[in-house]
Amino acid sequence: PASFTVYSSQYSKDKNGVYYFGEKVDGLDSASFKYFNYAYVSDKNGVYYNEKKISGADPKTFELLKFDNMNDDRYGRDKNNVYFNGKKINDSDSKSFEIISFSYSKDKKNVYYEGTIVADADPAMFGEAWSKSKGYTGYFMDKKNVYSDGYILKSENVKDYEYRFKK
């Protein structure tokens, strides 16, 4: 029909409803439907991730976050919270939150690895590390520790690293 719009292989809509993989989704309002990406959508009633409503997410202020000037399909935020893969990131600050690598993000209070707080990491000093002897390692650092996959690398000495980009 003329009113049918396909957004992705996951989402489509017409005047009668919104469809997820071809199946009508009860409760999603077609008239106010907004498509962000293959996972995040909203309507006047809420924000959804893979058709599941995100509790408490504000559809009026929701946006995808960008990394390297491209939308990151995993992160979104509204005026109150930040979301990773559709789940609220606890204790995050929506206003200061930023993505700093594919897996790491930070705000004024915490550093996060894929949406989970990295214990003892200093967000003011957290950045990509450059090994003075090995070059690029994929590690990150703050003034006290070197990190990989969200954990402190006890085998690495922060003095053997410098920030890849100036802090």
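1. Let's start with the side chain of R77: one of its polar atoms lies 3.2 Å from the backbone oxygen of F97. The R77 side chain also reaches the backbone oxygen of S94, at 3.0 Å. Please keep in mind that this is a predicted model.

2. Where does R77 lie? Look at strand β10, which covers residues 70-77. R77 has a relative accessible area of 18%, and it counts as buried because that value is under 20%. Leaving aside residues up to four places away in sequence, R77 touches several others, including T61, F62, L65, V82 and Y83.

3. Side chains of opposite charge can pair when their charged atoms come close. How many salt bridges does the count come to? There are six. One of them joins the side chains of R77 and E63, with 2.8 Å from N to O. This pair links distant parts of the chain, with E63 in strand β9 (residues 63-67) and R77 in strand β10, 14 residues apart. E63 is partly exposed, at 35% relative accessible area.

4. Next, find D122 and K143, whose side chains meet in a salt bridge (2.9 Å, N to O). D122 lies in the loop between β16 and β17, and K143 in the loop between β18 and β19, so the pair ties together parts 21 residues apart in sequence. Here D122 is buried at 18% relative accessibility, whereas K143 is exposed at 53%.

5. Finally, E128 and R164 form a salt bridge through their side chains (2.9 Å, N to O). E128 is in strand β17 and R164 in the segment after β21, so this pair ties together parts 36 residues apart in sequence. E128 is buried, at 17%, while R164 is partly exposed, at 37%.

Conventions: Residues numbered from 1 in each chain as written. Predicted model: local features only at pLDDT ≥ 70, side-chain atom pairs only at ≥ 80, totals over all residues. Heavy atoms only, no water. Helix = DSSP H or I, 4+ residues; strand = E, 2+ residues; numbered from the N terminus. Buried < 20%, exposed > 50% of the residue type's maximum accessible area, 1.4 Å probe, protein only. Polar contact = N/O pair within 3.5 Å; in protein donor to acceptor, adjacent residues only side chain to side chain. Contact = heavy atoms within 4.5 Å. Salt bridge = Lys/Arg side-chain N within 4 Å of Asp/Glu carboxyl O.
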